[in-house]
Amino acid sequence: MGEEDEDSLIVNLPIIDLLAPDRVSTAATLRQACIEVGFFYIVNHGVDKDLLGRLFEESKKFFDLPVEEKMKLDRKEIRGYTPLYSEKLDTSLNTKGDSKESFYIGPLHDELCNLNQWPSEELLPNWRATMEAYHKQILNAGKSLLSLLAPALNLNENFFENVGALDQPMPVLRLLHYPEGDNNCNNDEVLGASAHSDYGMITLLVTDGVPGLQVCREKDRQPRIWEDVPHVEGAIIVNIGDITERWTNCLFRQLCSLILHTIFLWSA
């Protein structure tokens with residue numbers, strides 16, 4: 001837990017079924033979740049379970065490579081590899097950086113696809129195909145969610161599509177590896193991702209089941225109270241981003257979150 005609270009708290013997040021037949025009721029539940037919590041789960045999202053297994057497997061293969069090999073894909077144009085401690089989300093901390101390494105994959109459409117970097121096919125022959133397949137499926141899940149987010153704002157279900165928001169979306173897939181370490185939470189060094197809010201519209205987070213994600217309902221409160229977000233098999237965690245909070249004039253909430261040392265994958 002965050003250092004301000006020694007007791008383990010668990011947040012109870014709503015579960016949104018993207019295929020529920022009663023769209024009106026589902027949109028109402030989603031609206032309440034966004035107003036009260038800003039985090040929730042989605043199920044029946046269309047991301048293939050076997051593909052998720054391959055995704056974690058291929059991601060592990062990459063992060064297990066020697067640092068020298070990974071640095072050949074050093075991040076450029078927000079695509080590629082970032083090594084341990086190269087990012088620090090909470091700049092107020094007196095640490096060398098967050099204990100995570102990551103790999104960024106940008107949009108796959110048009111000329112933007114050419115900016116992406118890929119590991120050697122000799123080293124990881126199935127890597128690119130797996131990442132591209134997941135990238136497309138998670139993007140479709142995001143689009144399905146937006147078709148519920150619109151009526152949750154009392155807008156037409158096709159609002160975001162009609163205004164062109166989905167014409168050329170800018171989804172970024174981030175593979176994140178948090179090395180196993182000491183879970184002594186009183187030490188800032190153990191934070192895999194220090195306290196932060198997410199940029200963008202929504203973040204869709206897929207985990208491997210190892211705990212570590214925490215959220216703070218009142219990010220301006222001192223001391224902060226951190227709550228564990230439990231893993232729900234088959235569900236994807238969703239976080240409302242800064243853009244959505246501002247676009248809704250703070251009606252929909254953006255919580256502060258952090259991640260302790262563990263292994264995670266997410267897409268934003």
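Helices (H or I, at least four residues) and strands (E, at least two) are DSSP runs, numbered from the N terminus. By that count, the protein chain holds 6 helices and 12 strands. This is a predicted model, in which local features need pLDDT of at least 70 and side-chain atom pairs count only at pLDDT 80 or more, while totals for chains, interfaces and linings use all residues. Residues are numbered from 1 along each chain as its sequence is written, and side-chain values use heavy atoms, with hydrogens and water left out.

**Chain totals**

- Of the 268 residues in the protein chain, 49% count as buried (buried means under 20% relative accessible area, exposed over 50%, partly exposed in between, with a 1.4 Å probe and protein chains only).
- The protein chain has an accessible surface of about 13200 Å², and carbon and sulfur atoms account for 50% of it (Shrake-Rupley method with a 1.4 Å probe; for residues, only the protein chains shown count as cover).
- Taking contacts between residues at least 6 apart in sequence, 78% join residues at least 24 apart (contact means heavy atoms within 4.5 Å).

**Nonpolar cores**

- The largest nonpolar core has 44 residues, and Leu 30, Phe 40, Ile 42, Phe 62, Phe 103, Trp 127 and Tyr 134 have the most contacts inside it (a nonpolar core is a set of buried Ala, Val, Leu, Ile, Met, Phe, Trp, Tyr and Cys residues joined through side-chain atoms within 4.5 Å).
- At least two residues of this core come from each of helix H1 (23-36), strand S2 (39-43), helix H2 (49-63), strand S4 (101-105), helix H4 (127-152), strand S5 (173-177), strand S7 (202-207) and strand S10 (236-240).
- H4 gives the most to this core, 11 residues.
- Apart from this core lies another, of 12 residues, including Tyr 41, Val 215, Ala 235 and Leu 255.
- Not counting residues up to four places away in sequence, Trp 127 touches Glu 58, Ser 59, Phe 62, Phe 103, Ile 105, Trp 118, Pro 119 and Leu 175.

**Helix H1**

- H1 has 14 residues and reaches 20 Å from its first C-alpha to its last, close to the 20 Å expected at 1.5 Å a residue (the expected span is 1.5 Å times one less than the number of residues).
- Buried in H1 are Thr 26, Ala 27, Leu 30, Ala 33 and Cys 34.
- The buried residues of H1 fall within an arc of 120 degrees seen down the axis, so they line one face of the helix (the arc is that of the directions from the helix axis to the C-beta atoms).
- These buried residues pack against strand S1 (15-17), S2, H4 and S10.
- Ala 27 has 4% relative accessibility, and beyond its neighbours within four places in sequence it is in contact with Leu 148, Pro 151 and Ala 152.
- Asp 22 caps the N-terminal end of H1, with a side-chain oxygen 3.4 Å from the backbone nitrogen of Val 24.

**Helix H2**

- H2 has 15 residues and reaches 21 Å from its first C-alpha to its last, close to the 21 Å expected at 1.5 Å a residue.
- Leu 51, Leu 52, Leu 55, Glu 58, Ser 59, Phe 62 and Phe 63 are buried in H2.
- These residues lie on the same side of H2 because they cover an arc of only 135 degrees around the axis.
- Lys 49, Asp 50 and Lys 60 are exposed on the other side of H2.
- Asp 48 caps the N-terminal end of H2, with a side-chain oxygen 3.1 Å from the backbone nitrogen of Asp 50.

**Buried Lys 100**

- Lys 100 is found in the loop between strand S3 (80-82) and S4, and counts as buried at 4% relative accessibility.
- The side chains of Lys 100 and Glu 87 are joined by a polar contact of 3.0 Å (a pair of N or O atoms within 3.5 Å; within protein, one must be able to donate a hydrogen and the other to accept it, and residues adjacent in sequence count only if both atoms are side-chain atoms).
- Among the residues that Lys 100 touches are Pro 83, Tyr 85, Leu 176, His 177 and Gly 192.

**Strand S8**

- Cys 216 lies in strand S8 (residues 213-216) and counts as buried at 1% relative accessibility.
- Cys 216 touches Arg 224, Ile 225, Trp 226, Leu 255 and Cys 256, not counting residues up to four places away in sequence.
- Gln 214 is found in S8 and is buried, with a relative accessible area of 1%.
- The side chain of Gln 214 makes a polar contact of 2.9 Å with the side chain of Asp 228.
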